[in-house]
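Good morning, colleagues. Please look at the model on the screen, and I shall take you through the annotated positions and then the core.

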Amino acid sequence: KDLEKLDFNIFLIGFMGVGKSTVSKALQRMFAMDVVEMDEIIAKRNGMSISEIFELHGEEYFRNEETAFLRESREKKNMIVSCGGGVPMRQVNVDEMKKSGKVVLLTANPETILEHVKHSHDRPLLENNKNVDYIAELMEKRREAYEAAADIVIATDGKSVYDICEEIITKV
Ligand code: S3P
């Protein structure tokens, strides 16, 4: 498949630390697509880190920023959008993604997630909760919304980034 000819976007969703950013960057290298990192753009626009946005403006403000960003992507195509983990929790966000693209859900075990987020410092929801039980609990709360949003589900445990990218390209 020649991704440069895709007339839609690919939205990568999934839990914090599942590897959305890593997979996006690999897709960019392999297929020369535009990659958009939602958290990064929102942080830049606000001139502060995600943690600072949560602290200063609150979570609701951050969620509105996510929705506003997705509305802007409506007119674009051929992008890979690496979404923040909370994006599928709002139905308007899901509707917006479906308008311009396919939604790909990446999944992994809580143990894998913990391994990935252990040393990260800009995830306010995990700041004091970096343990398998909390991750499993939040993951369970989100499972239904994640699955309902997804056009394609890819279980990533035990797979290389390369294999995950191949699987995405084959399935979209
Ligand atoms: C969040 C996930 C984060 C970031 C924010 C909230 C969430 O993105 O948007 O900290 O609610 O799951 P990542 O999934 O890239 O960590």
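This is a predicted model: local features need pLDDT of at least 70, side-chain atom pairs count only at pLDDT 80 or more; totals for chains, interfaces and linings use all residues.

**Annotated sites and the core**

Arg63 is partly exposed, because 16 other C-beta atoms lie within 10 Å. Arg63 belongs to helix α4, which covers residues 59-72. Apart from neighbours within four places in sequence, Arg63 is in contact with Gly86 and Arg90.

Is Gly85 buried or exposed? Gly85 is buried, because 22 other C-beta atoms lie within 10 Å, and the threshold for burial is 20 or more. Gly85 sits in the loop between β3, residues 79-82, and α5, residues 91-100. If residues up to four places away in sequence are not counted, Gly85 touches Gly14, Phe15 and Met16.

Met16 is partly exposed, because 19 other C-beta atoms lie within 10 Å, whereas burial requires 20 or more. Which residues does Met16 contact, leaving aside its neighbours within four places in sequence? They are Gly85, Ile113, Val117, Arg123 and Leu126. Met16 and Leu125 are 109 residues apart in sequence, yet their C-alpha atoms are 9.4 Å apart in space.

Helix α1 also holds Ser21, a position that the unreviewed UniProt entry annotates as "binding site". Ser21 counts as partly exposed, because it has 16 C-beta neighbours inside 10 Å. Beyond residues within four places in sequence, Ser21 is in contact with Glu37 and Ser82.

In soluble globular proteins, nonpolar side chains tend to be buried together. Here the largest nonpolar core has 32 residues, and those with the most contacts inside it are Phe11, Leu12, Ile13, Val103, Val104 and Leu105. At least two residues of this core come from each of β1, α1, α4, β3, α5, β4 (101-107), α7 (132-149) and α8 (161-171).

Let us take Val103 as an example. With neighbours within four places in sequence set aside, Val103 is in contact with Phe11 and Ile13, with Met97 and Lys98, and with Ala149, Ala150 and Asp151.

Thank you for your attention.

Definitions and conventions: Residues are numbered from 1 along each chain as its sequence is written. Helices (H or I, at least four residues) and strands (E, at least two) are DSSP runs, numbered from the N terminus. A residue is buried if 20 or more other C-beta atoms lie within 10 Å of its own, exposed if 12 or fewer, and partly exposed in between; C-beta atoms are placed from the backbone. Two residues are in contact if their C-beta atoms, placed from the backbone, lie within 7 Å. UniProt positions are given in the numbering used here, feature names are shortened, and annotations may be inferred rather than shown by experiment. A nonpolar core is a set of buried Ala, Val, Leu, Ile, Met, Phe, Trp, Tyr and Cys residues joined through C-beta atoms within 7 Å.
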